Amino acid sequence: MSNRRRFIAGNWKMNKTIPESRSLAEKVREALDGFDAADVAVCPTFVALAAVADALRGSRIALGAQNLYWKESGAFTGEVSGPMLVAAGCKYVIVGHSERRQYFGETDESVGRRATAALACGLYPIICLGETLDERKKGVTFEVVKRQMGSAFSAIGPDAIGQVTVAYEPVWAIGTGVNATPEQAQEVHRFLRGLLADKYGAAAAETVRIQYGGSVKPDNARELLAQPDIDGALVGGASLKAEDFAAIVRSCTA
Ligand code: PEP
């Protein structure tokens, strides 16, 4: 187990109406009342950000968004910018989620632009990457995540590195109920930290939190979080139930 402060984020994806989001946020807040042993964030849909910000006000739970566009404003129908997210109360923003890459044409290059834009307006990006099942079977996992890291971090300087979280999310483990084993995840996390060390130096790399994502549940979280380079989790399905999400967060106190 590392001594980096753990960070658990809930990715609510395209789930919950505004009242449902408010209610879930209230339940998460209640379930984690008084808890301060890890950083926690929830990432509702864009339309629910204001309601969830309201429900979380004064709590230790931070707000995150699920994406952003790299321009500040203008004729970009359907997009939402970093400054808009800041104004809505966001601290974090997820970029490069595999569902964005798979269904909405995001590329390594566009993920890098989003990450850089997030940092420029003071947001803390959670940069997602990970291999598909096919890539794992072909034995190219390390090559793939190295390429994804290279693009995502291409314009991120050493001063900003402390603001970044990396989320290793093997695509074959997302929403499938099949999580990577703690050993499989640790192996990639270690590799990613090595890449960060190559670019930013070992000391800086040691400060970056690397979350694991992919079917994290209350019954597997503790084992995953016990690995030396797993500093938290990005939680999809299980973050939609306040008790399950809170149980995962509490796994941080090993
Ligand atoms: C995710 O969406 O980032 C994710 C990890 O989903 P799930 O926990 O449902 O696998």
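Lys-13 is found in the loop between strand E1 (7-11) and helix H1 (18-31) of this predicted model, where helices (H or I, at least four residues) and strands (E, at least two) are DSSP runs numbered from the N terminus. Phi of Lys-13 is near 50 degrees, a positive value in a residue other than glycine. Most residues other than glycine have a negative phi.

The model is predicted, with local features needing pLDDT of at least 70 and side-chain atom pairs pLDDT 80 or more, while totals for chains, interfaces and linings use all residues. Residues are numbered from 1 along each chain as its sequence is written, and side-chain values use heavy atoms, without hydrogens and water.

**Ligand surroundings**
- Lys-13, Glu-169, Gly-175, Ser-215 and Gly-237 come nearest among the 14 residues around the ligand (near: a heavy atom within 4 Å).
- The shell comprises four nonpolar, eight polar and two charged residues (nonpolar: Ala, Val, Leu, Ile, Met, Phe, Trp, Tyr, Cys and Pro; charged: Asp, Glu, Lys and Arg; polar: the others, Gly among them).

**Backbone atoms at the ligand**
- A polar backbone atom of Gly-175 is 2.6 Å from a ligand oxygen atom.
- For Ser-215, the distance from a polar backbone atom to a ligand oxygen is 2.8 Å.
- A backbone N or O atom of Gly-237 also lies 2.8 Å from an oxygen atom of the ligand.
- Taken alone, the ligand exposes 290 Å², of which the protein buries 98% (Shrake-Rupley method, 1.4 Å probe).

**Ser-215**
- Ser-215 lies in the loop between strand E7 (209-213) and helix H10 (218-225), and its phi is positive, near 55 degrees.

How values were computed. A polar contact is a pair of N or O atoms within 3.5 Å; within protein, one must be able to donate a hydrogen and the other to accept it, and residues adjacent in sequence count only if both atoms are side-chain atoms.
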